[in-house]
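Work through the exercises below with the model open beside you. Try each task before you read its solution.

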Amino acid sequence: MNTTVLRTGLRRGRTEYLQFARDRRELLTGPVGAVVMLVALVGWQGHGTVPGTGASKAVLMTARFVAYCVFSAALMNLALGITADREEGALLRLRALPGGMTAYLVGRTVSVLGQIATYVVLMLAAGLAFTELTLPTAPGDWLTLAWVLALGTLSVAPIGAALGAVVRDARNAAAALSLAMMGLMVISGVLFPITALPQPAQWVAQAFPLYWQGLGLRSVFLPDSMLAAEIGGSWRLWEAAGVMSLWAVAGLLLAPWLLQRMTRRESGSRLAERRRHSAVRRAY
């Protein structure tokens, strides 16, 4: 990747993120909506402590929900953005530009990283305001928070790009991804302690990065007394880093190939046909 393409991608990402930050509808359905949902979940869970641990239920829910927001933003926003750009013909135009697709991917990734940072800041601010959440004081905890968020994003964003390359349209993508996200949220310890679930569900959850993101965040914000509710009674940070790294590497290998394959197959006639079908669906 040459420096011109990189600079173009960074500028594109900055512009897309600023558009996101200035769009009231995007903010209300995204970060602000997530904060409202977090407050509602905290109210539902209550402000007591987890039995036998002394840890705050509200803080536990905040740590879990931050992980979910990072996962969903990296997966959903990137996949739906790529799908929408394909339907609008933006990717077909970029194919004719030298380095156009690479700059596009850099820009999309930068924009999503900015959105994730917004989610995290607002989630932590809500935790400080509505729960007993306290920010880390030890440098090691800040380091763990940084690498969990960074690696958690890298483990999911390429998969979001890959999904954006293979789904047919934004409607199908939103429905399929929303269903998958709800399933993962249930089994990955976001709503309930994972040790309360059947063992097969625990095995499935540990295959996906959402569980490991949540585990890493819980290790930062919760006392060690909460280990009684974790698999193996340990935070297992090395395992978390390993699983998320495997997902990141797999996604980085798979996503570019799928996107290149998708753009090679794209044509003006295919785009016109999709638009015709879309117009027919809207008419009915």
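**Exercise 1. Decide whether F208 is buried, partly exposed or exposed.**

Solution. This is a predicted model. Step one: take the relative accessible area of F208, which is 28%. Step two: apply the cut-offs, with buried under 20% and exposed over 50%. F208 is therefore partly exposed.

Step three: look at W247. Its relative accessibility is 25%, so W247 also counts as partly exposed.

**Exercise 2. Classify the ring pair of F208 and W247, and say what the pair ties together.**

Solution. A pair of aromatic rings is described by the distance of the centres and the angle of the planes. Step one: the centres of F208 and W247 are 5.7 Å apart. Step two: their planes meet at 35°. Under 30 degrees would be stacked, and over 60 would be edge-to-face. The pair is therefore tilted.

Step three: place each residue. F208 sits in the loop between α9 (199-205) and α10 (209-221). W247 belongs to helix α11 (residues 237-265). The pair therefore ties together parts that are 39 residues apart in sequence.

**Exercise 3. Classify the aromatic pair of Y211 and W212.**

Solution. Step one: the distance is 4.9 Å centre to centre. Step two: the angle between the planes is 75°. That makes the pair edge-to-face. Step three: check burial. Y211 has a relative accessible area of 0%, so Y211 is buried. W212 is buried too, at 3%. A search of the whole structure finds 4 aromatic pairs.

**Exercise 4. Where do the buried residues of α1 lie around the helix axis?**

Solution. Step one: describe the helix. α1 (residues 3-22) has 20 residues. From first C-alpha to last, α1 reaches 29 Å, close to the expected 28 Å.

Step two: list the buried residues of α1. They are V5, G9, G13, E16 and F20. Step three: look down the axis. These buried residues fall within an arc of 70°, so they line one face of α1. An α-helix has 3.6 residues a turn, so residues three or four places apart point the same way.

Step four: turn to the other side of α1. There T3, R11, R14 and R22 are exposed.

How values were computed
Residues are numbered from 1 along each chain as its sequence is written. This is a predicted model: local features need pLDDT of at least 70, side-chain atom pairs count only at pLDDT 80 or more; totals for chains, interfaces and linings use all residues. Side-chain values use heavy atoms; hydrogens and water are left out. Rings of Phe, Tyr and Trp (its six-membered ring) pair if their centres lie within 6.5 Å; planes under 30 degrees apart count as stacked, over 60 as edge-to-face and the rest as tilted. Helices (H or I, at least four residues) and strands (E, at least two) are DSSP runs, numbered from the N terminus. Buried means under 20% relative accessible area, exposed over 50%, partly exposed in between (1.4 Å probe, protein chains only). The expected span of a helix is 1.5 Å times one less than its number of residues. The arc is that of the directions from the helix axis to the C-beta atoms.
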